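Student: I'd like a close look at just one part of this model. Could you walk me through it?

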Amino acid sequence: MSIAITPSVRTTLLLDGLVSGAAGVVMAAGASLLSPWLALPANLLFWAGIVLLPWCAALVILARRAAISRMMMLDVIGINALWVAASFGIMIAGIVQPSLLGVLFITAQALTVGLFVALQIGAMRRAGAAA
């Protein structure tokens with residue numbers, strides 16, 4: 001089953017891509033500068049930023065299509081949900097011990113991605129109802 005790329009689906013994918021790309025560039029390019037302020041390992045920031053760059057490209061490519069499979073949209077939503085869970089998980093499990101600024105940074109980006117999950121679910125449902 002395919003989902004038409006309605007303006008709302010396109011907007012959520014493009015916004016997700018824009019924010020992911022911007023975060024990826026900031027984290028990858030600024031890892032060594034951010035690390036002391038956030039009390040997060042520079043390697044974690046760098047590689048998390050690098051991972052976001054192809055994700056950004058994939059979201060933009062998907063947004064430019066006329067339709068995508070329902071499963072592909074669910075994959076996008078699932079990957080975003082995993083990012084949110086991993087972001088909170090690394091703090092809860094004690095894998096990282098960020099500063100207060102680091103906690104705010106992780107929480108803000110996780111909540112932003114969580115918002116994209118909600119927006120993408122809503123956009124997918126509206127696109128499915130319109131089909």
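By class, how many nonpolar, polar and charged residues does the lining of the second largest pocket have?

Tutor: Its lining has 10 nonpolar, 2 polar and no charged residues (Ala, Val, Leu, Ile, Met, Phe, Trp, Tyr, Cys and Pro count as nonpolar, Asp, Glu, Lys and Arg as charged, the others as polar). Bear in mind that this is a predicted model, where local features need pLDDT of at least 70 and side-chain atom pairs 80 or more, while totals for chains, interfaces and linings use all residues. Numbering runs from 1 along each chain, and side-chain values use heavy atoms, without hydrogens or water.

Met-27, Leu-40, Leu-44, Leu-45, Ala-48, Trp-83, Ala-86, Ser-87, Ile-90, Phe-105, Ile-106 and Gln-109 line it.

For context, the largest pocket comes to about 250 Å³. Of its 17 lining residues, Ala-23, Leu-52, Trp-83, Gln-109 and Val-113 are closest to the centre; Trp-83 and Gln-109 also line the second largest pocket. Two or more residues each come from H1 (7-29), H3, H4 (70-92) and H5 (100-130). Here H5 takes the largest share, with 6 residues, and the lining splits into 12 nonpolar, 4 polar and 1 charged.

Definitions and conventions
1 Å grid on protein atoms, 1.4 Å probe; cavity = no way out; pocket = protein on both sides within 12 Å on 5 of 7 lines; lining within 4 Å. Points joined across faces, edges and corners; volume = space filled by probe spheres on them. Helix = DSSP H or I, 4+ residues; strand = E, 2+ residues; numbered from the N terminus.
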